[in-house]
Amino acid sequence: MTHGAMTDGAMANGARIATLRRVRPPDGPADLLVTGASVRTLDSAGTVASALTVTAGRIAAVGTSAALRRLVGPRTRVLELRGETVLPGFHDAHVHPPMGGRYLLLCDLHDLPWDRDAYLHRIREYAEAHPADAWIVGGGWGMPAFPGGTPSRGDLDSVVSDRPAWFENRDGHGGWANTAALALAGVTAATPDPPDGRIEREPDGRPQGTLHEGATRLVERLLPPFSQARWEEALRRAQAYLHGFGITAITDAWVTPEHLSAYLALVGRGELTLRTSLSLWWDRAGGLDQLAWFGEARRSASSGRLRATTVKLMLDGVLENGTGALLEPYLDGAGRATDNRGITFIAADRLAGEIAPGLDSAGFDLHMHAIGDRAVRAGLDAVAAVQARNGPADRRPHIAHIQLVHPTDVPRFAELGVGANMQPLWAAWEAQMRDLTVPFLGPERSAWQYPFGSLARSGARLVGGSDWSVSTPNVLHEVEVAVNRVVPESRGVEPPFLPDERIDLTPALRAFTSGGAWVHRLDEVTGALEPGMLADLVVLDRDLFDRGAGEIGDARVVLTLVEGDAVHVDPAFPC
Ligand SMILES: [Zn+2]
């Protein structure tokens, strides 16, 4: 490990973090030779090679297997492949490791099919395996698995009746309680709905088991506390899980002080192998006085692989419940306009006039959540205002989710140098799109969704992210959907969603490599496989570009290296 290489360029107390530089590794025999591969370097020329060498944690040479054999010495490890693809390590530029890792420690339903019986089976097994736990807690269920999208307490009672149980919806907007949990929380037919939520009820008024939005706090306040040690364990689990998908660098898109402490503990013990850019959470109830803790976080997160140089601004909600900010009103589902244009959590004039320029002046990059076309426009306007107010600088602003982009705003991403941070898995036909989105947008606006192809054609920089634990962090699934606009579960069943917005395999992979590296200010040293760059790379189980080898998302990552060290090895992979 060459942790020192990561601190060389860091200016912990400077206004803006320096980009890490390439370093030519020493001449002589390599530490590692990978040969017989299809090495997709994803460099600007699109170089394809058959071999590469690694020395002192850096890529030393890229070329043919025959030519690089001369770099083999007595201590060189040689990895002989048979045409499998080697790629730069993946970047996930919008992911939530504390939340995802927490679910991995609890009873996790995220990886199951959206199926009631599958959920109940897993919960029963987990409860039997954890007889001493006072609560059974987990999450990751999907609404389509239940009638009306609302799982019942009776279902949960059938597998956990002896103690309280609580399961969070994978979308974070609700939870599922058993009868014991509702009783402990004192939720009865007489309990009124809280102002910011709703208690799903049986015909006689008794709680049905599903709690929506703010009503979840009725139960959540009673859950066993999650200690600092548990957060650290959650991060370790999340890191291993992400490495398993070939991910070597991330943006944590929602960082609170307790998460930061857990990351710092991992750095202190030399356990953080994932290059982590923390997006510090902008509390919309506060103002620029938050720069005090942001600056403190940036100073503390300046060693090892950890950085905290961006701030996350949540501009709006989501379309499915009418909280995404729209330029024109939502429809009522029958084609008539309503008076609802959604919610802006941060007023556009305050964002552009004060918050964005203030954060930029303090040297922070902007990471904005924008779903609706009004929020996307507000984000672009904010970057324009920063440029006008603060002058030219090396900025890395990005807007995540970009579900609905007004066509006149598409070219502004390239013009303003704003990264288009896409979550490709959402750009597909499924129940949520068909039932909860399209009818409320109407046909014209529905065709503006997830315009990745249009953005690419306009010259925008595409950046990839999963939003795990909302969606899987399997990069190859995300890439398949970016290319096909059909999720793997719906191959051959659903048509492509807005097929003009498909992108090719190479640009899709670049979004998850060089695109993320740009956001992470690691583009000098990661995101491609070039001599002098860090040896962060992945080996797949097949040639991804051989279309006869099966669907993109069926490929698996068998080996993940960070600075030449294995951080994930598939048990079946001879290494
Ligand atoms: Zn997110």
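Biologist: What do the buried residues of α4 pack against?
Modeller: They sit against α3 (97-105), β9 (107-108), β10 (136-141), α5 (153-157), β11 (165-169) and β12 (174-177). Buried is under 20% relative accessible area, exposed over 50%, partly exposed in between (1.4 Å probe, protein chains only). It's a predicted model: local features need pLDDT of at least 70, side-chain atom pairs count only at pLDDT 80 or more, and totals for chains, interfaces and linings use all residues. Numbering starts from 1 along each chain as its sequence is written, and side-chain values use heavy atoms, without hydrogens or water.

Biologist: Okay, which α4 residues are buried?
Modeller: A118, Y119, L120, I123, Y126 and A127. Helices here are DSSP runs of H or I, at least four residues, and strands are E runs of at least two, numbered from the N terminus.

Biologist: And how far apart are the end C-alpha atoms of α4?
Modeller: They are 20 Å apart, which agrees with the 20 Å that 14 residues (116-129) should span. The expected span is 1.5 Å times one less than the number of residues.

Biologist: Switching to the metal: which residues hold the zinc ion?
Modeller: H94 and H96 through NE2, plus D467 through OD, at 2.0 to 2.2 Å. Donors are N, O and S atoms within 2.8 Å of the metal (3.2 Å for Na, K and Ca), and with water not among the atoms, sites may look incomplete. Along the chain the spacing reads H-x1-H-x370-D.

Biologist: Is H94 buried or exposed?
Modeller: H94 is at 1% relative accessibility, so it counts as buried. H96 is buried too, with 9%.

Biologist: What about the core, who touches the most other members?
Modeller: In the largest nonpolar core, which has 91 residues, that's F90, L313, L359, I402, F413, V479 and L544. Helix α12 (residues 373-390) gives the largest share, 7 residues. Such a core joins buried Ala, Val, Leu, Ile, Met, Phe, Trp, Tyr and Cys through side-chain atoms within 4.5 Å.

Biologist: What is L359 in contact with?
Modeller: Skipping neighbours within four places in sequence, W282, L288, L291, F294, V311, L313, F364 and L366. Contact means heavy atoms within 4.5 Å.

Biologist: Where is T323?
Modeller: T323 is in the loop between β17 (306-314) and α11 (348-361). At 18% relative accessibility, T323 counts as buried. Beyond residues up to four places away, T323 touches D316, G317, V318, Y330, G342 and I343.

Biologist: Last one: what pLDDT does the protein chain average?
Modeller: It averages 93, and 97% of the residues score at least 70; pLDDT is the predictor's confidence in each residue, from 0 to 100. Residues 1-16 fall below 50, though that stretch has 46 contacts in the model beyond near neighbours in sequence.
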